[in-house]
Amino acid sequence: MRRFILPIILGIMLVPMIAKQASSQTGASAAEETKNEVIKFEDERNQAILNRDTAVLDRMYADDITWTMSNGDLLNKQQVLGNIGSENQKLFSIEHSDRRWHVFGNTVVLTATSHSSERYKDKMVTVPRRFTNVYVKQDGQWKLIVHTVTPLAGPGATGLPASDQK
């Protein structure tokens, strides 16, 4: 009788442990899939910025986006799209490094360093910047809901007016 009870007890103890491990592996692959979706989204967004495609950006940005420029300007969606459409803000190149992705279900946080070149309000901005983007999946589509930029100091950092950057 003991021979039959011991395997049953061990089975009862092991099943939850095996299920938890399988669930953890499924969660890790789901997080990786989510990360890959947002990487693709971010790459498409950067291309739309370079192309000044405000129609695509309108679809990608949440209606209640919070956008903080490196100079401290706080913009809403209409202001961000207006700047890009009117050339008040123009990116000439976008190069990101040190990307760090954090997945929390339907929310993804990206931190990275940008070595982009842009003109904002008639000033060239070539200072390396650290940025944070927060993406949320709404109605099955990814949206950028927060974008915050902080300038980084260092050699070669300039923020001279466009007329002085020739």
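Trainee: In the hairpin of β1 and β2, which residue takes a positive phi?
Mentor: This is a predicted model, where local features need pLDDT of at least 70, side-chain atom pairs count only at pLDDT 80 or more, and totals for chains, interfaces and linings use all residues. Residues are numbered from 1 along each chain as its sequence is written, and side-chain values use heavy atoms, without hydrogens and water. The hairpin has 5 residues between its strands. The one with a positive phi, near 100°, is Gly 72.

Trainee: What is the bridge partner of Trp 67 in β2?
Mentor: Strands are DSSP runs of E, at least two residues, and helices are runs of H or I, at least four, numbered from the N terminus. Two strands pair if DSSP finds at least two bridges between them. β1 and β2 (residues 74-75) run antiparallel, with 2 bridges. In β2, Trp 67 is partnered by Leu 75.

Trainee: How many bridges join β1 to β9?
Mentor: β1 covers residues 61-68 and β9 covers residues 141-151.

Trainee: Why does Arg 45 count as buried?
Mentor: Arg 45 sits in helix α1. Its contacts (heavy atoms within 4.5 Å), not counting residues up to four places away in sequence, include Trp 67 and Asn 133. Buried means under 20% relative accessible area, exposed over 50%, partly exposed in between (1.4 Å probe, protein chains only). Arg 45 counts as buried because its relative accessibility is 2%.

Trainee: Which strand supplies the largest share of the lining of the largest pocket?
Mentor: A pocket is an open set of points on a 1 Å grid over the protein atoms alone, where a 1.4 Å probe fits, with protein on both sides within 12 Å along at least five of seven lines; lining residues have an atom within 4 Å of a point. Here 12 residues form the lining, with Ser 70, Asn 71, Tyr 120, Lys 123 and Val 125 nearest the centre. β6 (117-120) and β7 (123-125) each supply at least two. The largest share, 3 residues, comes from β7.
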